[in-house]
Amino acid sequence: MRDQVLAELMEEGIFLSPEALDFVLAQKEPVPFVRKAVEAMPQMPLVVTMDDLRDLACSSPLSACPPSPAIAPFKRGEVKVLKDITGNSTCEGNIIDFARYFNDRFQTIKRILGRRRELAGSMPIAKAMTLEREVRCIGLVNEVRTTKNGHTMIEIEDEEGKGLVFVNKDSDLTGAHVIQDEVVGIVGKVAKKGGMIVATDIVRPDVPITGGMAPSDSSAKIAFLSDVHVGSSTFLSKKWDKMARWARTDAVREGLRYVLIPGDCVDGIGIFPDQEEELDIEDIFEQYRALAERLKDIPDGVQLIVQPGNHDAVRLAEPQPSFPEEIARLFDSSVMFVGNPCCLEIEGRVILSYHGKSMDDLVNAIQGLSYNHPLEAMREMLRRRHLAPIYGGKTQLAPEKKDHLVIDQVPDIFVTGHVHGAGVAEYRGIKLINASTWQDQTSFQRMHNFVPDPAKVPVVDLGTGKCVVKDFN
Ligand SMILES: [Fe+2]
Ligand SMILES: [Fe+2]
């Protein structure tokens, strides 16, 4: 019966996931049931999954919506996209675009800074420079340099003008680590007859302090699997299989309903010199096909959310849109594709997911940061309310009309990948997650003495806000 149904459907170009097939076989007339179901679908999926059928079965007289034999059925949860560049890109990349882009960054973060008590009565930089008293102003940092005596000079700019800010090397403010292209508030006294402001305080937009996620009635869990790097010869296949067994059994029983992949889904091609020597799969489409196969290990009812990273086949400049149709169609319809970064609302929780490429620039620019402490780099992003402040470094930025990398909405969960570390922390009530990797140490990492922390899965209970890290080593 099973083989006959499969053969008949395959002839018509209809493929079913194993769970969907079980469900279909439980129907009185399996083949006509699938035909009708497919006709009713807005788009024919590459593989018909349990969710495609469940939605239809429960809303039509086609069947009595029987439970799936392995695990009691549950409906895939709803994911609301709050912010995503996908389909909204406006940039052409000319000079006017860049001016508009930085102006949007400045205006958005200025509005956040304007609410800070320390900056009440702030004024344009040009006006502040003419006054001989304490002044407050807000500016985008053009340049930071150290004088020959070890002091710091910061050039800031707003809509109307520029000004220099002096930070004495003996002042506590040297620890503020001001970086190029961030937006800061300055409190200080004008010196040298309007030549510069001697800073007494540097104010960051930062995120408000909250008590963290208040318990809700959700019983769903979300797992984060970053930097899968399918196609790489160091992809950790056995550890992935171990994780997949967990995802199919205990995890689902315990309430796993969402899995988010924050980028570097495949290893890509031509990402670094001689990469082909470290690839098991040298064709980019084959890499995604292999990933699609791997993702079938995650049960149908779990909503998969997939985001690109710097190894993926989308534009490198951030914000990155989600995968093009020719890649998306290689996956089951249960996979949801989003851009990078992306702000989502799941079960009432706001999740900011960003691959994390900007950490390459932040670890260079901010003293004390390192690849071994990605959570600290994430704190620096939140303090500046920006995911990738530095322009002209290793992170390419696309001059969109709006700066999509500004953290305008404060998330409950902030997740990154990219550095192949694994960690969970909290900053001002926001859960910080760096979501590990499924790639063993590469030659590049060996050269830089970096030891990854692979095969770990942070799982957050969206009801209680508690997070555990599952270890598949
Ligand atoms: Fe990666
Ligand atoms: Fe990456």
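Helix α5 covers residues 95-114, and D97 and R100 both sit in it, three residues apart, about one turn of the helix. Their side chains form a salt bridge, with the closest N and O atoms 3.1 Å apart. This is a predicted model, so take every distance I quote as a computed one. D97 has 6% relative accessibility, and because the cut-off for buried is under 20%, D97 counts as buried. R100 is partly exposed, at 30%.

On accessibility, K110 is partly exposed at 28%. E159 is partly exposed as well, with a relative accessible area of 45%.

Next, helix α8, residues 284-295. R289 and E286 both lie in that helix, three residues apart, again about one turn. Their side chains meet in a salt bridge at 2.5 Å, N to O. R289 is partly exposed, at 37% relative accessibility, and E286 is partly exposed, also at 37%. Elsewhere, salt bridges that share partners join E182, R204, E376, R379, E380, R383 and R384 into one network. How many salt bridges does the structure hold? The count is 25.

Now the metal. Which residues coordinate the iron ion, ligand 1? They are D227 and D264 through OD, and H229 and H420 through NE2, at 2.0 to 2.2 Å. If you want to find them in the sequence, the spacing of the donor residues is D-x1-H-x34-D-x155-H.

Why is the arrangement around this iron ion, ligand 1, called irregular? The four donor atoms subtend angles of 87 to 174°. Tetrahedral would need all angles to lie between 85 and 135 degrees, so the 174° end of the range rules that out.

Last, two of the donors to ligand 1, D227 and H229. Are they buried or exposed? D227 is buried, at 0% relative accessibility. H229 is buried too, with a relative accessible area of 1%.

Definitions and conventions:
Residues numbered from 1 in each chain as written. Chains lettered and ligands numbered in written order. Predicted model: local features only at pLDDT ≥ 70, side-chain atom pairs only at ≥ 80, totals over all residues. Heavy atoms only, no water. Donors = N, O, S within 2.8 Å, 3.2 Å for Na, K, Ca; no water. Tetrahedral: all angles 85-135°; square planar, octahedral: opposite > 155°, others 65-115°. Buried < 20%, exposed > 50% of the residue type's maximum accessible area, 1.4 Å probe, protein only. Salt bridge = Lys/Arg side-chain N within 4 Å of Asp/Glu carboxyl O. Helix = DSSP H or I, 4+ residues; strand = E, 2+ residues; numbered from the N terminus.
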